[in-house]
Amino acid sequence: MSDDSLIHDETAGIERLLEIMRRLRDPKGGCPWDIEQDFASIAPYTIEEAYEVADAIEREKWDELKGELGDLLFQSVFHAQMAAEAGHFTFQDVVTTMSNKMVSRHPHVFGDESREKSAEQQTQDWETIKAAERAAKAETGALDGVAVGLPALLRAYKLQKRAARVGFDWPSAQNVLAKIAEESAELVEARDTLTQDEVEEEFGDLLFVMANLGRHLGVEPEAALRRTNAKFTRRFKAVEAKLAERGKRAEDSNLEEMDAFWDAVKAEEKARKGQDSKSE
């Protein structure tokens, strides 16, 4: 089958996508934009596509999810093509590496270990296997392997989770709450007496401890904040709708009016939740 035939064959699966990517990067006949990209320039798009996958799931837009997963897959293909051109590895190497990893990390499915384990025990086993993998890569520190490129709030959560495994942790959520009060007081002081750089540092300290509180409460902070962002967006749009009913936009209103509508929207949501609970 010729390359052009492969590119236009909708039944060819991953091989078609790999050939499309190869042609896009072809120095002689490819796309100028794709040709000039490198790992660093593409990485932000990879992160963005991952968030768009999460967004489609959050909104339960399953038709959109198909496309977003395709966009994320294309990012993997893009990176693999650049790696192949540089002689680092191929897309097939990526597939083989992931397959080997999944087999080795699931001995209770693909090996001799019993499947009669709790989810908690399987999680512990998973972490033991990952620790051995990190040791094999000379990552011996407790915090080694926590990706620097993660969103800061998620990385804070993961760093603290790692530190807790070796005993560096507050005994309870109550201790964390006391630390939050301490950090809040320091932030107030910083606002009035310190430089902007020092204010930023104190604000970061408070966020870091808040992430730790989430871990003690069994709440993943990145997910919690996404949920709150979605709630804020939903409610503010409802406020804008109420203003539109009166022929106004947000910029034509004032804080007092918008705050009153905000309270009304919250009350309406609470009432709907009450009705939903009664109907169940």
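The sections below describe a predicted model, taking a helix pair, the nonpolar cores and one arginine in turn.

## Packing of α4 and α5

Helix α4 spans residues 39–58 and helix α5 spans residues 62–86. Their axes come within 9 Å and cross at roughly 160°. Angles over 145 degrees count as roughly antiparallel, so α4 is roughly antiparallel to α5. The crossing of α4 past α5 is left-handed.

On the α4 side, the contact is made by F39, I42, A43, Y45, T46, E49, A50, E52, V53, A56 and I57. The α5 side supplies W62, E64, L65, E68, L69, D71, L72, Q75, F78, H79, M82 and A83. By type, the residues of this contact are 15 nonpolar, three polar and five charged.

## Nonpolar cores

The largest nonpolar core has nine residues: A173, V176, I180, L187, A190, V199, L206, V209 and L213. Two elements, α10 (173–193) and α11 (196–216), each give two or more residues to this core. Helix α10 provides the largest share, with five residues.

One member of this core, L206, is in contact with I180, E183, S184 and L187, leaving aside neighbours within four places in sequence. A second, separate core holds eight residues, among them M21, F78, A80 and M82. Of these, F78 and M82 also take part in the contact of α5 with α4.

## R105 in α6

R105 lies in helix α6, which covers residues 91–105. Is R105 buried or exposed? Its relative accessibility is 12%, and buried means under 20%, so R105 counts as buried. Apart from neighbours within four places in sequence, R105 is in contact with W126, I129, K130 and E133.

Technical notes
Residues numbered from 1 in each chain as written. Predicted model: local features only at pLDDT ≥ 70, side-chain atom pairs only at ≥ 80, totals over all residues. Heavy atoms only, no water. Helix = DSSP H or I, 4+ residues; strand = E, 2+ residues; numbered from the N terminus. Buried < 20%, exposed > 50% of the residue type's maximum accessible area, 1.4 Å probe, protein only. Contact = heavy atoms within 4.5 Å. Axes fitted to C-alpha atoms, helices over the stretch in contact; angles between N-to-C directions. Parallel < 35°, antiparallel > 145°, perpendicular 65-115°, else oblique. Left-handed = near helix turned anticlockwise from the far one by under 90°. Nonpolar A, V, L, I, M, F, W, Y, C, P; charged D, E, K, R; others polar. Core = buried A, V, L, I, M, F, W, Y, C linked by side-chain atoms within 4.5 Å.
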